Amino acid sequence: MKYISTRGNVTDIGFIDSVMMGLANDGGLLVPEKIPQIPEEKLQAMSKLSYQELAYEIISYYVDGEIPENDLKDLIQKSYATFRHPEVTPVQKVKDNMFVLELFHGPTFAFKDVALQFLGNLYSYIAKKTGETINILGATSGDTGASAIEGVRGKEGIRICILHPHGRVSKVQELQMTTVNDETVLNLAIKGTFDDGQRIIKEIFADLEFKNKYHLRAINSINFARILAQTVYYFYAYFQVAKETGAKTVNFSVPTGNFGDIFAGFLAKKMGLPVGKLIVATNENNILERFIEEGVYQPGEFHSTYSPSMDIQVASNFERYLYYLLGENPKAVSDLMKQFKTEGKIVVGEELLGQVKEDYAAYGVSGKECLQTIKSYYGESGYLLDPHTSCGVAAFEQRNHTGEVCVTLSTAHPAKFNESIALCDIEQEYPEQIHQLFDRPQYLEVVEADNEEISQKLEEHFRSTSVSI
Ligand SMILES: Cc1ncc(COP(=O)(O)O)c(C=O)c1O
Ligand SMILES: N[C@@H](CCOP(=O)(O)O)C(=O)O
């Protein structure tokens, strides 16, 4: 299996090199040269596997022998041994035809752990094999940061720096990131939004001299390994729900911001999993909803919402989808991305829009609707949704066709977002791991959303902290 850039100027690199490159050196995103197709009989056999066994089968297609079988199996076992649920990502029936896929049983109570426990262990494995220090640079709207830090903290040969938008993450998210007292971890709270953070890290990664000098690595969904590990739970959920309902195809409603999670579902479908509609659930930051409805991809006004992790305008993985929408034509992607940079928007014609609507449905959830959905589901079934999952459920209510079976991805535990839950007049108890955070000192620096200042902070961090392998 080889990997190529959506913009065409990186070709023919293997799995480990793709992990290490993160953002493609031409500014695009890496994708597999050819998506593996899983035959029907193999899907049948996969439906009987445990989560870890399934993860091994799926990830193996993409690793393609670059990691010996037993090493890869160990990496997977280690990654999911930290989860509190034996099934890793269990599925709960919440009402007729609607299942919730609980992705929050990992160490930081968000879906990011599913991929970042794996990527953290993978980086540590690569550092040990190659003797190379790994310096991670990431941006977060709240969940990736905590999960990435948890995935690598204490691992030899790894430093990490995370940018988060100052004052725009929930209290628990901030505490999870900033209470880690470890000199290899640097938290920079930027005066700006997640979009500023993501733009800055992409610009720093694009400075290849700086990237190579400091061995900079990505943990965001910029890194294809993140998407890959997230693909596994679509298979797992599909198998559980198909067994229970007899459904042949299953829809997925996905709380969406950076488009990574739903792109993992798109990839699963392209591999042969019988996925029906992929429902893009956004909050008021609804650029993706507008694209799917009207064919115009253009950032709008930024809103701070009850689902802050989805407060994203420019969705990184949209470029990966464009690549497939445009018939795997890197020149066309490159031209459109240039146009986006200069004109601030991408417009697709009727024919392509028809294809988009075949692939996706979309619904932008208002703040009022988000809270109302939390209240009504709690009242009717006693099931407490976090505000991101609530957007997914509200989109299911609006866009799933009657009689079709749908899985809504539950991307976080409600305890991470008590600010929103309290507005629903619901009292929740914090899990002990979260409760403990409130007594700890915090370590962070507030900085301008400025490339130079952040690059300097990074250089100081690398100079002043030593890591052994
Ligand atoms: C809790 C939660 N839900 C949903 C999302 C959106 O996922 P994606 O960015 O992969 O679209 C995020 C952030 O990524 C998140 O943290
Ligand atoms: N919502 C995310 C934003 C970054 O997404 P990623 O999947 O690219 O890491 C977050 O919580 O940080």
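Predicted model: local features only at pLDDT ≥ 70, side-chain atom pairs only at ≥ 80, totals over all residues.
Local features need pLDDT of at least 70 and side-chain atom pairs count only at pLDDT 80 or more, while totals for chains, interfaces and linings use all residues. Residues are numbered from 1 along each chain as its sequence is written, with chains lettered from A and ligands numbered from 1 in the order in which they are written.

An unreviewed UniProt entry lists residues 2-80 as "domain: Threonine synthase N-terminal"; such annotations may be inferred rather than shown by experiment. This stretch is 49% helix and 8% strand (DSSP runs, H or I of at least four residues and E of at least two, numbered from the N terminus).

Turning to ligand 1, 16 residues surround it (C-beta atom, placed from the backbone, within 6 Å). Asp143, Asn258, Gly260, Ser309 and Thr411 are the closest.

The largest nonpolar core has 139 residues (buried Ala, Val, Leu, Ile, Met, Phe, Trp, Tyr and Cys joined through C-beta atoms within 7 Å; buried means 20 or more other C-beta atoms within 10 Å of a residue's own, these atoms being placed from the backbone). Helix α10 (residues 224-245) contributes the most, with 14 residues. Tyr234 is among the members that touch the most others. Beyond four places in sequence, Tyr234 contacts Phe252, Ala264, Gly265, Ala268, Leu273 and Val275 (C-beta atoms, placed from the backbone, within 7 Å).

Helix α17 (residues 387-399) is largely enclosed by the rest of the structure, because 10 of its 13 residues are buried. These include His388, Cys391 and Phe396.

Conventions
Buried ≥ 20, exposed ≤ 12 C-beta atoms within 10 Å, placed from the backbone. Contact = placed C-beta atoms within 7 Å.
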